[in-house]
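Hello,

Here is the structure I promised to pass on to you. Have a look at it first, and then read my notes below.

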Amino acid sequence: MQLTLWTYEGPPHVGAMRVATAMRGVHYVLHAPQGDTYADLLFTMIERRDRRPPVTYTTFQARDLGGDTAELFKNATRAAYDRFQPEAMIVGASCTAELIQDDPGGLARALELPIPVIPLELPAYQRKENWGAAETFYQLVRTLAAPGASPRAPRAADARPSCNLLGPTALGFRHRDDVQEVCELLALLGVEVNVTAPLGASPADLARLPDADFNVVLYPEVAGVAAQWLERTYRQPRVTVVPIGIGATKAFIQQVAELAGVDAAPALAQLDWRASWYARSVDSTYLTGKRVFIFGDATHAVAAARVAAAEMGFTVVGLGTYSREFAREIRDAAKLYDVEPLITDDYLEVEAAIAAAHPELVLGTQMERHIAKRLGLPCAVISAPVHVQDFPARRSPQMGVEGANVLFDTWVHPLMMGLEEHLLHMFRDDFEFHAEASPSHLGAAGTTATVAAPDAAAAVTSATTPAEDTAGGTIAVSVGWAPDAEKELHKIPFFVRGKARRNTERFARDRGVATITVETLYDAKAHFS
């Protein structure tokens, strides 16, 4: 366990809360100290839900540790059943309560409640939030959909094909909107949705999961394990394509059509790709080759890299995830773009990788938004964890046709609007346009303040770049930027500034120049022109 100011995932019991909060008729009894109730705020403050999560905390305190905490848990469980009358109950311990080893599952079974009680074993010191959500959903499905476990009867000839949508949870990034978009795609194909789970499902709905012809796994981080169990137990095939981007949405429709036994052509003909107009415009060349760094959960990161490279013409210069369980998928994807995969949950390591890659756009989580702001880079959020602004009241999916349009707007606008910001920044010291200048329509009546020049004695900005030594190895050479050169560099539009910086530092390194001046900058420009 590591002390940090930021974490990409919470402990696994937060993942269990996401599943319980998404469902109806399920209650979660969590053996936890009073301080662990903070997790409620994730749903009420960030996701802006209209009710608290269906969670009862035992909220033991330090003085209770000398007494019978097991009895405290049993009393809390019994009271939760009497008050909320759930159809099913899950029980477990938080990371702190795990140290007490009270066995919540055994204690709950001893109460002999007249509902299914599913114990959760969530190793808080080895696993994290997404794994906790996947394990919780798997245990719920295995318990509630398993009775009988008889093979499915063949679909009647006149019956419409049906599927389950698996994976959307509470606190998920655009999950609500993704479900709506995917349902519209399925309707175009004539495929009915049997159950959507966990989001909006009840325990009785989970019992109906085997009735579907196949499963659509929208978020493998949450539903992958449960879908594999359903495939083994009920021979339900699963759609493996996540419909993020134009190409993936088309592939998704074709795979669904194949499993449902229908023709995909009519559905594909009805799709309206409003983002495609830009690809046919002259301005589309503006995006070609833009350097992009991508980091997030594995599903969204892999999809974003594919869309960036294949559909927008970007150059992927970094790809990573905090989801260690999906490291293989990220490594396989990174090979396609000839980049080194970054598998880490340390935001400082991510920041260092972004700075070293010199991207022109960052696609990531809420933390990458902060990192990009510090580095002066445009950024778009593509993955959880996110903040309140990424739970919009409007419909804003990431999947399907409308999702492709949203991706286009979300990614391109920071680049396009950054040009306006660059012009404002470039002219901020102009005698006519700086902040202290009088309005131009007042003419000479106004006063013009003097803009302070940068302090010539300011510390030189430095960067360490590799250079070859006489033996053929590499050594670190520190290349510094004089303040006036750094100021001149920022007059270059941001979308080529990174390339100009790299070329200038290479030029200076090759010539043994320790401090880059304005003259060095323009010499480098002439050299590479």
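Predicted model: local features only at pLDDT ≥ 70, side-chain atom pairs only at ≥ 80, totals over all residues.

**Proline in a loop, and what else turned up**

Pro-385 sits in the loop that runs between strand S13 (379–381) and H16. The peptide bond that joins Ala-384 to Pro-385 is cis, with omega at about 5 degrees.

You will find Pro-198 in the loop between strand S6 (192–197) and helix H7 (203–207).

While you are looking at loops, please also check Thr-59. Although Thr-59 is not a glycine, its phi is positive, at about 45 degrees. Thr-59 belongs to the loop between strand S2 (55–57) and helix H3 (69–84).

**A cavity**

There is 1 cavity of 30 Å³ or more in the structure, and the space in the largest cavity is about 30 Å³. Which residues line the largest cavity? They are Ile-244, His-300, Ala-304, Ile-382, Gln-398, Leu-407 and Trp-411. Helix H12 (298–310) and helix H16 (400–426) are the elements that each give two or more residues to this lining. Sorted by class, the lining has 5 nonpolar and 2 polar residues, with no charged ones.

**Two helix pairs**

Helix H12 also packs against a neighbour. Its axis and that of helix H13 (residues 327–337) come within 10 Å and cross at roughly 15 degrees. Because angles under 35 degrees count as roughly parallel, H12 is roughly parallel to H13. The crossing of H12 and H13 is left-handed. On the H12 side, the contact is made by Ala-298, Ala-301, Val-302, Ala-305, Arg-306 and Ala-309, which meet Glu-329, Ile-330, Ala-333 and Tyr-337 in H13. The residues of this contact divide into 8 nonpolar, no polar and 2 charged.

The other pair is helix H1 (residues 12–22) with helix H5 (residues 129–144), whose axes come within 6 Å and cross at roughly 50 degrees. That angle makes H1 oblique to H5, and the crossing is right-handed. Pro-12, Val-14, Gly-15, Ala-16, Arg-18 and Val-19 in H1 meet a set of H5 residues that includes Glu-129, Asn-130, Gly-132 and Phe-137. By class, the contact between H1 and H5 has 7 nonpolar, 4 polar and 2 charged residues.

Happy to go through any of this with you.

Best wishes

Conventions: Residues numbered from 1 in each chain as written. Heavy atoms only, no water. 1 Å grid on protein atoms, 1.4 Å probe; cavity = no way out; pocket = protein on both sides within 12 Å on 5 of 7 lines; lining within 4 Å. Points joined across faces, edges and corners; volume = space filled by probe spheres on them. Helix = DSSP H or I, 4+ residues; strand = E, 2+ residues; numbered from the N terminus. Nonpolar A, V, L, I, M, F, W, Y, C, P; charged D, E, K, R; others polar. Axes fitted to C-alpha atoms, helices over the stretch in contact; angles between N-to-C directions. Parallel < 35°, antiparallel > 145°, perpendicular 65-115°, else oblique. Left-handed = near helix turned anticlockwise from the far one by under 90°. Contact = heavy atoms within 4.5 Å.
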